[in-house]
Each structure stands twice: as structure tokens, then as C-alpha cells.
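Subject: the model, plus some notes

Hi,

Here is the structure I promised to pass on. Have a look first, then read on below.

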Amino acid sequence: MPTNRPVIRGAATALAHTPGMVRYGSKPFREAKAEPEFLAELTRGLWSYDEACRYLPNQVFIGSQAPARLWEVEQPWFDKLADADGGEPPFGHILEERRFLALLACADPFKHVLLRERFWEEMGPVMEAAPLTAPLASRTPALLTDAQMDTELESPNSLPLFTAGEGAPVGVVKTGHSEDEALSASVLLENLCCKVSGTLAVHELLNHVDGLGLGDVDLVLSCSEEAVGDRYQRGGGNMAKAIAEFAGCDLGTGIDIKDFCAAPIPAMVIGASLVESGVFENVVVVGGGSLPKLGMKSLYHLEQGIPVLEDALSAVAVWIGRDDGKSPTVNLQAVGRHPVKAGAALDKQFRELVLEPLRRLEWGVDRLDRVVTEVHNPDITVSAKAGDVAARNYKMMAAMLAMAKEIDKSDIAGFARAKGVCGYAPTQGHIASGFVYVPHALREMAAGDIRNCMLVARASLFLGQMTELTDGMSVLIERNGE
Amino acid sequence: MDLEDQGRIKELAEAHGKDDLVVLLGAPTTESSQVQFETVTTGDPSYAGPLAGVELGLPAYHVFEPNVKAAIDPDQYAENIEVLEMGLDADAIVDALAGMRAG
């Protein structure tokens, strides 16, 4: 007998390899403005689609490899490209850039993204032939002849769209309002990248699960990192509704949840609460990709002759529904929260987010099989002198647990391997939070490898300069029947 | 080290003289500890802040260093700092600063 107890009925990922878009990441864009020759250097450091598909962290992202494989292959991984297995990826596909650029125009109801006619003539049939893109590319986007394109590109407020950062532009993004910075071409492009990648993740989810059709989704919660709005309300929203519409969830609505990188966990908790309360039946939590984060550490990478590894927009979608008797449950009794008084010190954050909910449940740490937090790909961060984020967090978490007498001090060094996950996610913080791990957690629970998994996300609120605080939230997922 | 902190340390050094000041560092990584040490001794290596090109030459120690630890109430250290010492690469930080001090 189904109950309203919330369960995670499915999860999927989408990765759009967009090397030509790296130039519009925040850091490369600023760098190219100051040093125009930087663009040529950046372009030389970009990977091909084939290379991106053969990169181990990307393979883990789409589920073709288990996260445990990362412990087995010595870092760095960018110089150890594997063979692409050619099989159907378990969680979602890596989309090639040209298809993604075409979708940007298909997703733009205001026709600010204009494609070169010849480009669409080539891409239209390709889009139609692929099950993932066909439903999203049923309408012909706004097109320009070569001469019209040349005219549009002359506008200083337009952004050309390139493939792999070179050659003639295949499209252009126009400004949405000449006097509104919130609707500039770069902001519109950022938001459309989020919308398209988020929608792809929703479609990957629909294609990978049983029992969820487009008409079954009644609420989409977006935990993405963008800010949709205008000059009177920057960040007004609503990305979730835009994704729901583009995805074809005609009977659903949408709301954005904001909390910097931590947003996915509050979104999952809110979604699960709405299911449990009976307000909504099928909630999809989606995080779209973040364009500003592309090439964020590219200066370090280029300096060391490393490929520009932040070259893909990443997205995750999770379906929270009513108990079906088999899907992993969301334990709303064990939501870890970060009160104002906890302050911003890392050990105190982990005390509130990890230890406190365990004590509420009267669980010892030994009962927790997996804890996942901020699994940023260390290939990207170590070379950028930011260290291994996941390893650093696990060490601090373990130290906190040792001080609380929950584990022995001698177990600190081995804690990450015993309970944690090696980093592999793109440095788009909301994705790298525990959110990215949900599909793996479901698979591991189905296989009987783990009984439960705690997802822990933290947010650097101080970056917005309204408070010096951080935030965070954790949630426990358990195998059904535990 | 952020520009505000650099300015504050410079003002303190000018107001009280260099002989009566010690800089206590609490940076979480080896790299950031080294940068902070360098900033208050030979000047801001990024040449962005008030200490750019200013050789204050102040004595600087990290809170994890044994001589600092010995000067702190053990109960207070256990309550507020020990977990950070265990959770960070404290030995590497201490070694790095010792190396910089040795030149």
C-alpha cells in the first residue's frame, strides 16, 4: 500500500561538453578582456569531445565507471584517458557541443539566440534523429543568413557562439534590453545554458526511470546557480518553471530554491516534505549547469600545460515521489541544519551537519555507510593550488568525529576511504555537493553495497556580502525497509 | 592575506613599533600560511595590498607551532584548536614556516 513517505525513485545526470563556451566563463571572459591574446592560448588548451568522453571523472559522472575506480587510478587523471566503452551510459549522456548550441536557440522563446542558417540545416536532422534531443528541437529556432549574421555580429552588445572556440560563429546571442544589465547577452546566455542543461537532465531522468512520464511531474524545484530576472528584480526567477516548460512537463509548476552551493539539499528536503505532506506527488529536483564556472581555474591549467578541464556544463535531476516499497527513503527525521550560532568554522559546520543528526537518531558513526560532501574533481583544484577539496573535508570531518569520541584518532587517515568518495565532479559547486552522488547512491543501495548515504552540502554565503556566515544542510537517504 | 588585514597590521606596526609585535597566523593550508608569513616579513608577494614592497620583518608564528601551543591554556587549545590541528595538515604547515624562517 503506497504511503506518502518520500522516496527517491530515480536520478540522472547530463553533461554538455562545451569547449567553445569556456571563453564566456567568468574568469576567462575577464582575462580575455584584459589580455585579448589569452583567447588563442585558451583555445589551444581545450579538449575534443572524444577526449572529454574518455576522461575518468566524466565517466564516473555519467555512471559508466563506479566512483571506487577513482581510488584505483593514480592522480592526475587527465593524462590517463581511458577508452570510451561505447555502451549506453547508466545515468546520462555527454552531449556534444554543436547539439547543445542548437538547443540554446530552441530553448529561447524570445529569439535572442540566432543560429546561422547553414548550421541549423546541418544540425536539424541530427537533433531529430537522437531520442534525447528530438523532443526539445521540434520547432525551428530563429535563423540568419550569412549576411544577416555578419550584421548582427557587428553589435558590441552581442556574443558570438563558437564551436571549440574557433572558426566562424555558428550563432549569436543578442542583448535582451539595451539598458538592462540583468538581460544582457552574457546573462541571457548564462541562464539559457542552465535551462538547457537542466532540461537535458530532466529528460535523462524520464528516459532512465519507470513510472514517470512528462504529465506525472507536478513540481520542479531548481537548485541551480543562476539568477533569472530583470533590472527591477535581479534573481526574481523562475528557472524551475522555465525548465518544466521546455522539458514538456505541462501539468507541473516550478519554484527556485536558493542557497549558493548548498541549494540541492534544501531543495531535496523541501521536495520530500511536500511529498510527505501530500501537497505534491512527484517532485523533480534539478540543478542546471553554471556557465560562469567554466574555465574558472584555466589560468593555472594553461600555465602548467594541463588541458582546460572545466569545459562542460553539468546537471543532475532527482525524482522524489511517494513510497513504492522499494526505492530509497528520504529520512526527514535526520535533516542536518546549520544554525546561525554555529559560525563558519569548518569543524563546527560538520558537527551540526553530520554529528548532530546522527545523535538525534541515536546512531553511532559505524551505522553510517557513506557520507558525501563537495566531491570536486581534484585534477582541477590541486593544480590550481586549492588542494583536494573532498580529501580536506573528510579529514576535518573525521577530526571532528574523533574529538567527539565517535571514532578513534587512528581512524582519521582512513575515514575518507572507509565512508567517503573521491572527488570527480565539475567545479560547479551545487553539482559537486552531495547532489551529484545521488544516482550512484541509488545504484549502490540497489546492489546492496551500502545501506544508507548522508549527503552534506555547504554554502559560502559570505560571497554575496550580506552576511559573513556560511550555510549548509544534510539529508540521510536509506535503503527501503531499513 | 586580504588587503584590510594588511592595512591593519601596517598601522599597528607604525603605531607600536616592530619590536613589541608578534603575528599569530591561523591559515588552514601550507600555501596560505607561507603567503601570510611572507606578507608580514618581506612584503605582500601579490603586490596588491598596503604591504606591497614593505619589509615589516615581524616575527610570525602559526598557532600550531609548538612554542605557541605551549603558551596557550591546554583546555582552551583542546576546545578550540585541537580539532583543526588534527583536521588540517598541521605538520606540513609547521615545517613550511620553519623552513621559511631558516631562509
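What follows is a short tour of what turned up in it.

Ground rules: this is a predicted model, with local features needing pLDDT of at least 70 and side-chain atom pairs counted only at pLDDT 80 or more, while totals for chains, interfaces and linings use all residues. Residues are numbered from 1 along each chain as its sequence is written, chains are lettered from A and ligands numbered from 1 in the order written, and side-chain values use heavy atoms, leaving out hydrogens and water.

**Chain A, helix against helix**

Helix α6 (residues 97–106) of chain A packs on helix α9 (residues 185–208) of chain A at an angle of about 110 degrees, their axes 9 Å apart. (Helices are DSSP runs of H or I with at least four residues, strands are E runs of at least two, both numbered from the N terminus; axes are lines fitted to C-alpha atoms, for helices over the stretch in contact, with angles from 0 to 180 degrees between N-to-C directions.) So α6(A) is roughly perpendicular to α9(A), a label that covers 65 to 115 degrees. On the α6(A) side the contact (heavy atoms within 4.5 Å) comes from Phe100(A), Leu103(A) and Leu104(A), and the residues they meet on α9(A) include Leu192(A), Val196(A) and Leu200(A).

Leu103(A) is buried, at 0% relative accessible area; buried means under 20% with a 1.4 Å probe, protein chains only. Leaving aside residues up to four places away in sequence, Leu103(A) also touches, among others, Leu95(A), Met127(A), Leu136(A) and Phe246(A).

**Chain A, strands**

Strand β3 (residues 113–116) and strand β4 (residues 143–144) of chain A run parallel, joined by two bridges; pairing takes at least two bridges found by DSSP. Arg116(A) sits opposite Leu144(A) there. With helix α7 (residues 117–129), β3(A) and β4(A) form a right-handed β-α-β unit, meaning that the path from the first strand over the helix to the second runs clockwise when the strands point away from the viewer.

Strands β7 (residues 219–222) and β8 (residues 253–256) of chain A are also parallel, over four bridges, and Leu221(A) has Ile255(A) as its bridge partner. Helix α10 (residues 239–247) makes a right-handed β-α-β unit with β7(A) and β8(A). On β8(A), Gly254(A) and Asp256(A) form the covered face, Thr253(A) and Ile255(A) the uncovered one.

**Chain B**

In helix α2 (residues 30–41) of chain B, the buried residues include Ser33(B), Phe37(B) and Val40(B). Just after α2(B), Gly43(B) has a positive phi of about 120 degrees.

Cheers

How values were computed:
Buried < 20%, exposed > 50% of the residue type's maximum accessible area, 1.4 Å probe, protein only. Parallel < 35°, antiparallel > 145°, perpendicular 65-115°, else oblique.
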